Amino acid sequence: MISIYALETAASTAAATTADGTATTASAGVEMLGMLLPLVLMFVVFYFFLIRPQKKKDKKVKDMLAALKPGDRICTIGGIYGTIKSIKDDTIELSVGREDTKMIVARWAIRNVEEVTVENDGELLN
């Protein structure tokens with residue numbers, strides 16, 4: 001990695017080689033590189049620590065919502081647990097509670113799919 005000191009040294013030697021004392025285009029380019037290098041490094045850090053992990057998380061949620069099927073035990077973003085009875089375009093019909101109360105929620109309102117499924121006979125799900 002090029003240090004700022006090396007860039008300044010290169011700029012001063014390039015400027016010192018001119019006979020009339022004017023700055024050369026090479027030294028101006030080195031100075032511009034010295035100013036842009038920290039900005040480029042900051043963008044790289046932001047990409048790897050903020051943008052890329054968020055894209056991975058969004059893709060995981062999108063895949064989970066696309067893979068929903070009737071019979072899945074889910075939790076909504078409001079904290080309601082239910083079992084999917086049917087799926088239409090962007091709405092999902094849930095069965096909630098002991099009385100199997102019917103509830104319709106938006107597909108985007110599903111937080112996650114629970115590990116316990118309806119087929120487990122040993123556990124009381126509703």
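These are my notebook entries on a predicted model of one protein chain.

**Ground rules**

I number residues from 1 along each chain as its sequence is written, and side-chain values use heavy atoms, with hydrogens and water left out. The model is predicted, so I note its limits: local features need pLDDT of at least 70, side-chain atom pairs count only at pLDDT 80 or more, and totals for chains, interfaces and linings use all residues.

**Entry 1: the overall layout**

I started with the elements. I found two helices and five strands in the protein chain. Helices (H or I, at least four residues) and strands (E, at least two) are DSSP runs, numbered from the N terminus. Going along the sequence, I read the pattern α-α-β-β-β-β-β.

Next I looked up the totals. The chain has 126 residues, and buried ones make up 21% of them. Buried means under 20% relative accessible area, exposed over 50%, and partly exposed in between, with a 1.4 Å probe and protein chains only. The accessible surface comes to about 9400 Å² (Shrake-Rupley method, 1.4 Å probe). Carbon and sulfur atoms hold 63% of that surface.

I also checked contacts, meaning heavy atoms within 4.5 Å. Of the contacts with a separation of 6 or more, 39% are between residues 24 or more positions apart.

**Entry 2: helix H2**

Helix H2 covers residues 25-66 and has a kink of about 45°, centred on Tyr47. The bend at a residue is the angle between axes fitted to the seven residues ending there and the seven starting there. I then looked for buried residues in H2 and found Ser27, Gly34, Met64 and Leu65.

**Entry 3: the sheet**

In what order do the strands of the open sheet stand? I read S4-S3-S2-S1-S5, with antiparallel pairing. Two strands pair if DSSP finds at least two bridges between them. Strand S4 (101-106) and strand S5 (110-113) are the edges, each pairing on one side only. The twist averages 45° from one strand to the next. Axes here are lines fitted to C-alpha atoms (for helices, over the stretch in contact), and angles run from 0 to 180 degrees between N-to-C directions.

I took strand S1 (residues 73-76) next. Both of its faces are covered: Arg73 and Cys75 on one side are buried, and so are Ile74 and Thr76 on the other.

S1 has partners on two sides. Three bridges join S1 to S2 in the antiparallel sense, and three bridges join S1 to S5, also antiparallel. Toward S2, Ile74 stands opposite Gly82, and Cys75 has Tyr81 as its bridge partner. Toward S5, Thr76 stands opposite Ile110. S1 and S2 form a hairpin with four residues between them, and Gly79 in the turn has a positive phi of about 90°.

Strand S2 (residues 81-88) and strand S3 (residues 91-96) are antiparallel too, over five bridges. They form a hairpin with two residues between them. Ser86 stands opposite Glu93, and Ile87 stands opposite Ile92.

**Entry 4: the nonpolar core**

Which residues make up the largest nonpolar core? I listed 10: Met64, Leu65, Leu68, Ile74, Ile84, Ile92, Leu94, Val96, Val105 and Ile110. Such a core is a set of buried Ala, Val, Leu, Ile, Met, Phe, Trp, Tyr and Cys residues joined through side-chain atoms within 4.5 Å. H2 and S3 are the elements that give two or more residues, and S3 has the largest share with three.

I followed Val105 from this list. Leaving aside neighbours within four places in sequence, Val105 is in contact with Asp90, Thr91, Ile92, Leu94 and Ile110.

**Entry 5: two residues I stopped at**

Asp100 sits in the loop between S3 and S4. Its phi is positive, about 55°, although Asp100 is not a glycine. At 43% relative accessibility, Asp100 counts as partly exposed.

Met103 lies in strand S4. Why does Met103 count as partly exposed? Because its relative accessibility is 28%. Not counting residues up to four places away in sequence, Met103 touches Ile80, Ile92, Glu93, Leu94 and Val96. I also looked up Met103 and Lys85, which are 18 residues apart along the chain: their C-alpha atoms are separated by 9.6 Å.
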